[in-house]
Amino acid sequence: WLEAGCVSIGGVLTRSLESAQVACDWIGAGTPCKSAAEMPAAEMVLIATSDTAIGASCSQLVAAGVVPAGSVVFHVSGALAAAELASAEAVGAWTASAHPARAFPHPDVVYSQFSGTACALEGDARALQQLTPLFAAIGGVPFRLASEQKVRYHAACVVDSNYLVTV
């Protein structure tokens, strides 16, 4: 997205300051942060944690003032819907989930092969209006998915990705 001119990168928060620095180095932008309190307020926030940490991560960012009203907050879980971001919605942010249907073994591989990747988008219509062109700009093929279909969608992705050889 940075290279496509779609976004600017503010703070990057990961499990450690060292891995945040590695991420910033790979991206070529951003400021590594030690905690949510160090993150700047943002117009758009991407949460890419394990599924079990999405809600808590969002709540920490909201409490730190990173998520203002009118911002877009989205996560990339295949199984969980935008409802995981209820704390952001409560402060007036627009929430969504965006799930590229592919494995992410290494950033360079994904970067070079992302074009044509189906990207399921679900959530607030205002958030989806902003996310749809972002995913299209990097070669993704965005499509809308109803919240109640997330679990079935994810199960289909798991079978397709993990069990194709077995089947």
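Hi everyone. Two strands count as paired if DSSP finds at least two bridges between them, and strands here are DSSP runs of E with at least two residues, while helices are runs of H or I with at least four, all numbered from the N terminus. With that in hand, let's look at strand S4.

A quick word on the model: it is predicted, so I use local features at pLDDT of at least 70 and side-chain atom pairs only at pLDDT 80 or more, while totals for chains, interfaces and linings use all residues. Residues are numbered from 1 along each chain as its sequence is written, and side-chain values use heavy atoms, with hydrogens and water left out.

On one side, S4 pairs in parallel with strand S3, residues 44-47, over four bridges, and leucine 46 stands opposite phenylalanine 74 of S4. Between S3 and S4 the chain passes through helix H2, residues 54-63, in a right-handed β-α-β crossover; that is, with the strands pointing away from you, the path from the first strand over the helix to the second runs clockwise. S4 also pairs in parallel with S5, residues 94-100, over four bridges, with valine 72 opposite tryptophan 94.

Are the faces of S4, residues 72-75, covered or open? Both are covered: Val72 and Phe74 on one side, Val73 and His75 on the other, are all buried, meaning under 20% relative accessible area with a 1.4 Å probe, protein chains only.

Back to H2. Its buried residues are Ile54, Ser57, Cys58, Leu61 and Val62. Just after H2, glycine 65 takes a positive phi of about 85°. Thanks, all!

Conventions
Buried < 20%, exposed > 50% of the residue type's maximum accessible area, 1.4 Å probe, protein only.
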